Amino acid sequence: MKVKATLKQIAKELNVSVSTVSKALNDSPEISELTKIKIKEYAKLKNYKPNVIGLNLKNRKTKTIGVIIPNILNSFFAKVFSGIEKVADEKGYNVIMCISNESLEKEAHTLEMLSNGTIDGFILSISEEAQEINEYGHFKDVINEGTPIVMFDRIANDVECDKVIVDDFDSAMNSTQHLIDLGCKNIALVSSVDNLSVGKLRVEGYLQALKDNNIAINERIIIRTNSEEEMKRRVESIFENNIIDGIFALDENDSVAALKMGLKRHFRIPEDLAIIGFADGILASRRLTPSLTTVSQHGVEIGEVAAKLLIDRLESEEENKPYETVVIKTVLKERETTKKG
């Protein structure tokens, strides 16, 4: 018995996009007659059969949104999801949440599984593995097949879709500037997210603030890693044989580790050591003593905006609707690690 070919396999063999194959098989006027004949003949040769159930589902609309988040334990992603769910519920949409666990394979499998008529569109933040190796073909395939995607927080610049981001560069620059304005001259940077787009932007903002204030970059007090474990191993080293009066941490776990190490080394906080963290979970803001000054990312608002963007696109009758990138402004929530007195 012959194995049936898929649209993706035909597209790969003929070196064209999945969208081109789909349009050719459906006699779209956008595709030349020569290309149509070539694709149809090849499809027939390879025993291609359209997925009728999938087509019916796609045409019918499921009123369901697929959400893929990298990590369920991260409070930021939980907040984003609650924002998505709120808007979806108001607009009469259901939500299916899946977790990639930072795996490219799981992310791609979830996209393929749900885009076969189960959902109308996706809202997602890219997995760590996909960003590490710069692999975004699975997103492009889904979009080319007609399923819209809205990316949030971790995005891919070369994938054309709607996006919701925070002003990572500006907020990092402003946070570092705040430490400088408090009198800090030796500001350490702690990052376990250096392989992520957001981590890189935050580092650039930190470096820009130092440059703007003519403060020399001291590599000995900069930790840039790709893992929480390595960050925790190295964080103590920045306190050894270095003068530090400020720390800018780029993730909630980084913030907690920096604060704990500062207290362990008997720094008076914030008198001797001021700390700002890119985090706004319950742990950072309420359960630490002293309470941590944080960059608030407005997770709920990001989720609401992402859901509105996707639903607007799904319900729009406008062809070739332009893609949007919405930038959400962060807020510095000052607490005890920087507020004196």
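# Helices, sheet and loops

Student: Which hand does the crossing of helices H9 and H10 have, left or right?
Tutor: In this predicted model, H9 covers residues 168-181 and H10 covers residues 197-212. A crossing is left-handed if the near helix is turned anticlockwise from the far one by less than a right angle, and right-handed if clockwise. The crossing of H9 and H10 is right-handed.

Student: How are H9 and H10 set to each other?
Tutor: Their axes (lines fitted to C-alpha atoms, for helices over the stretch in contact, with angles from 0 to 180 degrees between N-to-C directions) come within 7 Å and cross at roughly 40 degrees. Angles under 35 degrees count as roughly parallel, over 145 as roughly antiparallel, 65 to 115 as roughly perpendicular and the rest as oblique. H9 and H10 are therefore oblique.

Student: How many helices and strands does the protein chain have?
Tutor: Local features need pLDDT of at least 70, side-chain atom pairs count only at pLDDT 80 or more, and totals for chains, interfaces and linings use all residues. Residues are numbered from 1 along each chain as its sequence is written, and side-chain values use heavy atoms, without hydrogens and water. Helices (H or I, at least four residues) and strands (E, at least two) are DSSP runs, numbered from the N terminus. The protein chain has 14 helices and 12 strands.

Student: What percentage of the residues of the protein chain count as buried?
Tutor: The C-alpha trace spans about 75 × 40 × 35 Å along its principal axes. Among contacts between residues at least 6 apart in sequence, 73% join residues at least 24 apart. Of the 341 residues, the buried part is 50%.

Student: Which residues of H3 meet H1?
Tutor: H1 (residues 7-14) and H3 (residues 33-45) pack at an angle of about 125 degrees, and their axes are 11 Å apart. That angle makes H1 oblique to H3, and H1 passes H3 in a right-handed crossing. On the H1 side the contact uses Ile10, Glu13 and Leu14, and on the H3 side it uses Ile39, Tyr42 and Ala43.

Student: Which strands stand at the edges of the six-stranded sheet?
Tutor: The open sheet has the order S2-S1-S3-S4-S5-S11 and parallel pairing (two strands pair if DSSP finds at least two bridges between them). Its twist averages 15 degrees from one strand to the next. Each edge strand has a single partner strand, so one side of it is left without a neighbour in the sheet; these strands are S2 (94-99) and S11 (325-328).

Student: Which residue is the bridge partner of Met151 in S5?
Tutor: S4 (residues 149-152) and S5 (residues 162-166) pair in the parallel sense over three bridges. In S5, the partner of Met151 is Lys163.

Student: At what angle does H5 run to S2?
Tutor: H5 covers residues 75-90. This helix lies across S1 (64-69), S2, S3 (121-124) and S4. To S2, H5 runs at about 160 degrees.

Student: How far apart in space are His138 and Glu324?
Tutor: His138 is found in H8 (residues 137-144) and is buried, with a relative accessible area of 12%. Leaving aside neighbours within four places in sequence, His138 is in contact with Leu104, Glu107, Ala108, Leu111 and Ala130. Glu324 is 186 residues from His138 in sequence, and the C-alpha to C-alpha distance is 20 Å.

Student: What kind of peptide bond joins Ile269 and Pro270?
Tutor: Pro270 lies in the loop between H12 (252-264) and S9 (274-277). For the bond from Ile269 to Pro270, omega is about 10 degrees, and the bond is cis.

Student: Where is Pro290?
Tutor: The peptide bond from Thr289 to Pro290 is cis, with omega near 0 degrees. Pro290 lies in the loop between H13 (282-286) and S10 (293-296).

Student: What is the relative accessible area of Asp27?
Tutor: Asp27 lies in the loop between H2 (18-25) and H3. Although Asp27 is not a glycine, its phi is positive, at about 55 degrees. Asp27 is partly exposed, with a relative accessible area of 44%.

Student: Is Glu102 buried or exposed?
Tutor: Glu102 is found in the loop between S2 and H6 (104-114). Although not a glycine, Glu102 has a positive phi of about 65 degrees. With a relative accessible area of 18%, Glu102 is buried.

Terms used:
Contact = heavy atoms within 4.5 Å. Buried < 20%, exposed > 50% of the residue type's maximum accessible area, 1.4 Å probe, protein only.
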